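Good morning, and thank you for joining.

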Amino acid sequence: MVSPVQTQANAGAHIAVRNVSHWFEQAQGPLQVIADLDLEIQPGEFVALLGPSGCGKSTLLRLVAGLEPATTGSLQHDSQAITQPDPSRIVVFQDPTLFPWRTVWNNVALGLQARGLLKTQRHRVDEALALVGLQSFAQALPHQLSGGMAQRVALARALVNDPSLLVLDEPLGKLDSLTRLAMQTELVDLWQRKGFSVLLVTHDVEEALFMAQRVVVLSDRPARIKQVLVNDLPYPRHRGHPRLAELRHQALSLLGLAASW
Ligand SMILES: Nc1ncnc2c1ncn2[C@@H]1O[C@H](COP(=O)(O)OP(=O)(O)OP(=O)(O)O)[C@@H](O)[C@H]1O
Ligand SMILES: [Mg+2]
């Protein structure tokens with residue numbers, strides 16, 4: 001089932017995760033991955049998740065995206081239960097997984113094509129490419145792109161659906177550090193212009209703090225909320241701001257790293 005297309009400006013999703021616990025069946029028995037987790041994302045808010053490897057971050061994103069049901073607890077999007085994936089909640093993964101034989105334009109068009117909307121909504125593909133600055137590469141093939149450009153195509157492919165929630169699972173993880181810094185700024189800029197809500201998972205403490213308004217620090221598996229760090233610095237932010245250094249110190253010690261760093 002597909003949702004109606006939203007053509008009006010998007011206010012951003014309200015997401016409510018209430019008392020969610022999740023288990024996976026493994027050969028050795030059930031493995032608890034998420035424990036009693038409560039998390040709310042306000043419309044238009046940018047929230048980042050930080051936590052040790054394997055603690056359950058990607059699993060939580062999959063539950064929020066509706067890719068699988070939580071074992072217990074409830075997840076809601078604008079007061080509606082999340083029961084299946086929906087084009088209004090798009091996940092962008094670390095690996096852009098573009099179709100190599102399709103042009104950039106045709107890769108971005110996929111979502112609309114799958115929903116039978118491409119004929120009437122072709123302009124949305126051009127708009128999404130413009131949003132990520134790739135208009136002039138519309139006819140390029142994926143192998144002709146750099147890693148950063150390919151990740152921008154993946155973003156455009158998400159944005160073409162005009163999502164009210166962008167779910168990002170380490171989307172910049174494979175990029176070199178300079179491209180990564182540039183893309184952080186671009187993503188924040190996009191978010192500010194479009195007004196969708198964002199749930200970002202990253203391993204990079206600075207990235208989380210630079211981009212998000214709230215950084216949720218999770219425990220080891222099963223993931224529980226250890227602490228929520230609020231970053232109320234206005235945008236655009238300055239990477240050298242002393243408040244960021246202070247928050248970084250807090251985040252690192254919450255993650256069990258030497259506080260003298
Ligand atoms: N489909 C699955 N079936 C069984 N176990 C799974 C499944 N998906 C994830 N797990 C297990 O759940 C735990 C959490 O995995 P998850 O991918 O959510 O961690 P993560 O926090 O995203 O880790 P990373 O930071 O390394 O990406 C891991 O121990 C993993 O082995
Ligand atoms: Mg993960």
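With which residue does arginine 180 form a salt bridge? The partner of arginine 180 is glutamate 207, and their closest N and O atoms lie 2.7 Å apart. By salt bridge I mean a side-chain nitrogen of Lys or Arg within 4 Å of a carboxyl oxygen of Asp or Glu. This pair links distant parts of the chain: arginine 180 sits in helix α5 (residues 177-194) and glutamate 207 in helix α6 (residues 205-211), 27 residues apart. Helices are DSSP runs of H or I with at least four residues, strands are runs of E with at least two, and both are numbered from the N terminus.

A word on provenance: this is a predicted model, in which local features need pLDDT of at least 70 and side-chain atom pairs count only at pLDDT 80 or more, while totals for chains, interfaces and linings use all residues. Residues are numbered from 1 along each chain as its sequence is written, chains are lettered from A and ligands numbered from 1 in the order written, and side-chain values use heavy atoms, without hydrogens or water.

Arginine 180 counts as buried because its relative accessibility is 14%, and glutamate 207 because its value is 1%. Buried means under 20% relative accessible area, exposed over 50%, and partly exposed in between, with a 1.4 Å probe and protein chains only. Asp204 joins Arg180 and Glu207 in a network of salt bridges.

In contrast, arginine 193, at 51%, counts as exposed; its salt-bridge partner is aspartate 189, at 3.3 Å between the closest N and O atoms.
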